[in-house]
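Dear colleague,

I am handing over the structure we spoke about, with the sequence alongside. Please have it open while you read the notes that follow.

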Amino acid sequence: MWKLLLAILFLLAAFSPVSAQELKMAVEFNTHAACAYVALDKGFYEKEGLKIKGYEAYMTGVALAAALTKGDIDAAYMCFVPALNAFANASCPIKAILGTHFYGYGLVVDPKKVRELRDLERRDVKIACLREGTAADAFMLRTLEKTKIDERSILPKVLRVNPVAAIGAIRTKRVDTAFLPEHWASLVEDYGMKMLLESKDVWDYRIGSVLVVKEELLRKDPGVVRRLALATKKATIWMNAHPSEASRIVAKYLSIEAERASLAERIDGTDSLDIPPETVGRSMSRLEYRNDLEERQVQDLIDFVYKKGYLKRPVRASEFVDFGLLR
Amino acid sequence: MKRKVLASLPVFAFFLCWELSSRFFEKRTGGLFPPPSVVAYETIRLSFEGILADHFWRTFLRVIIGFLSGAFLGVLLGIAMGWKGLAERTLHPLISLLYPIPALGWIPLLMIWVGIGELLPILVIAIHSFFPVCYSTMTGIRNVDRRLIKVARTLGYSSRRTLFSVAIPSSLPYILSGLRLSSGGAWRVVIAAEMIAIPKGLGALLMKAESLIRVDIILACLFVLSLMSFLFERVFLWIERAFQNSP
C-alpha cells in the first residue's frame with residue numbers, strides 16, 4: 001500500500017505545474033512599460049509559473065538605473081540608454097534580454113511660440129528636457145545632430161527636470177518646449193501643447209526600452225528568464241492585437257501609480273492627474289511594441305551614446321544584450 | 001619637518017585604506033566605490049578636456065558675485081546697525097527674524113520670483129553671505145573701545161570721520177572673521193542651488209554624473225568643492241592674520 005502511495009506522490013511531483021518562481025520587478029512609470037502592465041493584468045506571468053513578488057514604478061530610467069545598481073531588483077523594463085549607463089558606468093551586472101518597444105519620445109512645443117525646430121535657437125524660447133543619460137536626452141541630442149542645430153546654442157539653456165516638473169513648468173509657462181518620453185509627451189498635448197517631432201522622425205529605428213535581468217539570475221536560472229521573456233512576448237502580441245483594451249489597462253495602472261506617487265500635488269495648478277485611456281491610446285500608438293533587437297541597431301545606439309561622452313568605455317552590443325535568448 | 005610628516009600620516013593612511021579596500025571589493029561594488037587613483041585620473045581627464053574648467057568657472061563667478069554682493073550689503077547694514085541706534089532698533093528685529101531661515105530655504109521662493117537661471121544661485125549665495133557678515137560687522141562696530149571714540153571726538157573728528165578712521169578699522173577683525181565664515185559656506189550653498197536644473201556649474205556636473213551613475217566624477221566634483229571652500233577660508237584667514245600682525 002505504501003508503495004502505491006509513494007508512486008502516486010512521485011507522479012504528482014513529476015507532473016505538477018512548475019512551482020512559482022518569485023521575482024522582484026521594476027518598471028518605468030510610462031507607456032514604455034505597457035507590456036509589463038498588460039502581463040500583470042492578464043496574468044501572463046502566472047501562466048508562465050512566475051510570481052511577481054513586488055513591482056516598483058520609477059519616474060525615469062535614471063532613477064530605475066540607480067535602483068538597479070543597489071542590486072535588489074531581479075528584472076526591469078526600462079529605457080535602453082539608462083540601462084546601458086548602469087551597465088557600462090557602474091558595472092551593474094545586468095543583461096538586456098528582449099526589446100519592448102521602438103520609439104516613444106517626443107518634442108512638444110507651445111504652438112504660439114514655436115512653429116519650427118529653428119525656433120529653438122531663439123533666446124526667448126525656454127527648453128526643458130530630462131536629465132543627461134536619459135533616453136529623452138539622447139533623443140534631444142539626436143534631433144540637434146540630425147537637424148544641424150548648434151548644440152552650443154541650445155544645451156546651455158536646457159532645464160534639466162523630471163517629467164512631472166516639466167509638466168508643471170509647461171503649465172505655468174516657465175518653459176515653451178520639452179523633450180519628453182511618452183506618455184508625458186501625449187499628456188501635455190491635453191494642456192494645449194503640440195507634438196512637433198517624434199523620435200521616429202529623427203531615427204529610422206530607435207530601440208526604446210528593453211527587459212533587463214540580473215546576470216546572476218540569467219546564469220543560475222535561465223529557465224526563469226526564458227519564462228519571463230515568454231510572458232513579455234505574449235503580452236506584446238496581445239497588446240498589438242487588442243490596442244484599445246491594452247490602453248485601458250495601461251491607463252488604469254498609470255492612474256494608480258500617479259495616485260500612489262501623489263503626482264497631481266506636484267504639478268502646479270492640478271488637482272488630479274487622471275490619465276485618460278484616450279491619451280494613453282494616443283501615446284501607445286506612437287510606439288512600436290516589438291521584442292526584437294538587432295545587433296547592428298543596438299551597436300549604433302551604443303556608439304551614439306558613447307560618442308556623446310555618456311559612457312565610461314566603449315561597449316560591444318553582445319556584452320550588454322544576450323542575443324542568444326532572443327534567437 | 002617631523003611634525004609635518006606626522007600630521008600627514010592620517011591623511012595618507014586614509015587614502016591608502018580607501019585605495020586598498022576599493023580595489024579589494026571592486027568585483028562586488030563595480031563602479032560604485034572607485035579608488036582615489038581613479039578619482040584623481042578622472043579629475044585630471046576632466047581638467048584636460050576643459051569640462052571641469054567650464055563648469056568650475058561658472059560656479060566660481062556665481063560664488064564671487066553672490067558672495068561680494070551679499071558681503072557688501074552685510075557690511076553696509078552691519079555698520080549702520082552698529083553705529084546708529086535708530087538703524088539698530090528698526091532693522092535688528094527684521095534681521096533676527098530672517099537670519100534663522102537657511103539660505104537653501106529661500107530657493108523655492110526665488111524659483112518663483114526670479115525663475116531658474118543665473119540669478120538664482122547668485123541670490124542664494126548673497127543671502128547666505130549677508131547675515132553672518134552683517135552680524136559680525138554690527139558686533140565689531142558695537143565693541144569698539146568707547147574711549148577711542150571719545151578721544152576722536154575730543155580731537156574734533158566728525159561722526160563720519162570717527163566711523164571711517166576709528167570704528168571701522170577697529171572692527172576689522174570681526175568683519176574679516178564674518179567674511180571668512182561665509183566665504184567657505186558660499187561654496188556649500190552654491191552646489192545645492194546649481195543642482196536645481198541649472199545647466200552649467202559644478203552642481204550641474206554633479207547632477208549629470210549622478211544621472212550617468214559616474215561616482216568617480218561625483219567624487220572629483222566634491223574634491224574640487226572641498227578644495228575651493230578650504231582655499232577661500234584660508235585666504236581670509238591669511239588676510240586676518242596679516243592684519244593682526246600689521247603694526
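**A helix residue and the chain contact**

In this predicted model, B:Phe12 belongs to helix α1 of chain B, a helix that covers residues 2-24. Because its relative accessibility is 55%, and the cut-off for exposed is over 50%, B:Phe12 counts as exposed. B:Phe12 also takes part in a nonpolar surface patch of about 520 Å², which it makes together with B:Leu6, B:Leu9, B:Leu16 and B:Leu20.

Turning to the interface, 15 residues of chain B are in contact with 22 residues of chain A, and the area buried between the two chains comes to about 1,600 Å², with carbon and sulfur atoms giving 61% of that area. On the side of chain B, the residues that lose the most area to chain A are B:Ser211, B:Leu212 and B:Ile213, which together account for 33% of what that side buries.

Two salt bridges are found across the interface of chain B and chain A, and helix α10 of chain B (residues 202-211) supplies the largest share of the side of chain B that touches chain A, namely four residues. In one salt bridge, the side chain of B:Glu210 meets that of A:Arg131, with 2.2 Å from N to O.

With best wishes

How values were computed
Residues are numbered from 1 along each chain as its sequence is written. Chains are lettered from A and ligands numbered from 1 in the order in which they are written. This is a predicted model: local features need pLDDT of at least 70, side-chain atom pairs count only at pLDDT 80 or more; totals for chains, interfaces and linings use all residues. Side-chain values use heavy atoms; hydrogens and water are left out. Patches are made of residues with over 30% relative accessible area and no salt bridge: like charges are joined within 9 Å, nonpolar side chains (Val, Leu, Ile, Met, Phe, Trp, Tyr) within 5 Å. Accessible areas come from the Shrake-Rupley method with a 1.4 Å probe; for residues, only the protein chains shown count as cover. A salt bridge is a side-chain nitrogen of Lys or Arg within 4 Å of a carboxyl oxygen of Asp or Glu. Helices (H or I, at least four residues) and strands (E, at least two) are DSSP runs, numbered from the N terminus. Buried means under 20% relative accessible area, exposed over 50%, partly exposed in between (1.4 Å probe, protein chains only). Contact means heavy atoms within 4.5 Å. Buried area is the accessible area (1.4 Å probe) that two parts lose on being put together, summed over both.
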